[in-house]
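This briefing gathers a few local features of the structure shown below, grouped by topic. Please read the points alongside the coordinates.

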Amino acid sequence: MNNGPIEHLTCFLNGDPMPPGVECMADRIPGGFFIYRENEQQEILYVNQILLKIFGCRTIEEFRELTGCSFRGIVHPEDYETVQKSIEEQIADKKNEGAA
């Protein structure tokens with residue numbers, strides 16, 4: 001890993017433009033923030049600079065190499081099933097709230 005400045009993101013990792021305000025909001029959160037696509041690949045679309053620091057990366061390329069640019073790649077293997085189940089339960093709870 002290099003010692004240069006951390007890469008500043010202006011678009012999603014897949015090259016698509018970010019909606020207005022996402023970058024500003026993500027940079028103000030006092031912690032790591034990411035957006036990922038919930039599909040089979042669980043592709044990470046955006047990470048803020050703090051998340052890059054957490055993973056010891058200065059560039060998106062370093063982050064891609066380290067994590068495979070996927071949600072599974074940022075969660076410890078022993079924790080993945082528990083984390084995934086928690087996410088699914090939260091989504092189901094949110095859907096049930098709307099049905100009431």
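Gln42 sits in the loop that runs between β1 (34-36) and β2 (44-47), and in this predicted model its backbone has a positive phi of about 50° although Gln42 is not a glycine. The relative accessible area of Gln42 is 5%, and because buried means under 20%, Gln42 counts as buried.

**Backbone angles in the loops**

- Most residues other than glycine have a negative phi.
- Cys69 is buried, since its relative accessible area of 12% falls under the cut-off of 20%.

**Cysteines**

- A disulfide is a covalent bond between the sulfur atoms of two cysteines.
- When the whole structure is searched for such bonds, zero disulfides are found.
- Cys57 counts as buried at 1% relative accessibility, and Cys69 is likewise buried, with a value of 12%.

**Overall architecture**

- The chain is made up of five helices and two strands, and along the sequence these elements follow the pattern α-β-β-α-α-α-α.
- Of the 100 residues in the chain, 32% are buried.

**Charged side chains**

- Side chains of opposite charge can pair when their charged atoms come close.
- How many salt bridges does a search of the whole structure find? The search returns one, and in this salt bridge the side chains of Arg37 and Glu43 meet at 3.1 Å, taken from N to O.
- Both partners count as partly exposed, because the relative accessibility is 35% for Arg37 and 25% for Glu43, while the partly exposed class lies between the buried limit of 20% and the exposed limit of 50%.
- A negative surface patch is formed by Glu38, Glu81, Glu88, Glu89 and Asp93.
- Glu88, one of the residues in this patch, belongs to helix α5, which spans residues 80-99, and Glu88 is partly exposed, with a relative accessible area of 47%.

**Residue pairs separated in sequence**

- Ile50 is located in helix α2 (residues 49-54) and counts as partly exposed at 29% relative accessibility.
- The C-alpha atom of Ile50 lies 7.8 Å from that of Asp27, although the two residues are 23 residues apart along the chain.
- Gly56 falls in the loop between α2 and α3, where Gly56 is partly exposed, with a relative accessible area of 33%.
- Gly56 and Leu66 are 10 residues apart in sequence, and their C-alpha atoms are 9.5 Å apart in space.

Definitions and conventions
Residues numbered from 1 in each chain as written. Predicted model: local features only at pLDDT ≥ 70, side-chain atom pairs only at ≥ 80, totals over all residues. Heavy atoms only, no water. Patch = residues over 30% accessible without salt bridge, like charges linked within 9 Å, V, L, I, M, F, W, Y side chains within 5 Å. Areas by Shrake-Rupley, 256 points an atom, 1.4 Å probe, with all protein chains shown as cover. Salt bridge = Lys/Arg side-chain N within 4 Å of Asp/Glu carboxyl O. Lys, Arg positive; Asp, Glu negative; His and termini not counted. Charge placed at Lys NZ, Arg CZ, Asp CG, Glu CD. Helix = DSSP H or I, 4+ residues; strand = E, 2+ residues; numbered from the N terminus. Buried < 20%, exposed > 50% of the residue type's maximum accessible area, 1.4 Å probe, protein only. Disulfide = S-S within 2.5 Å.
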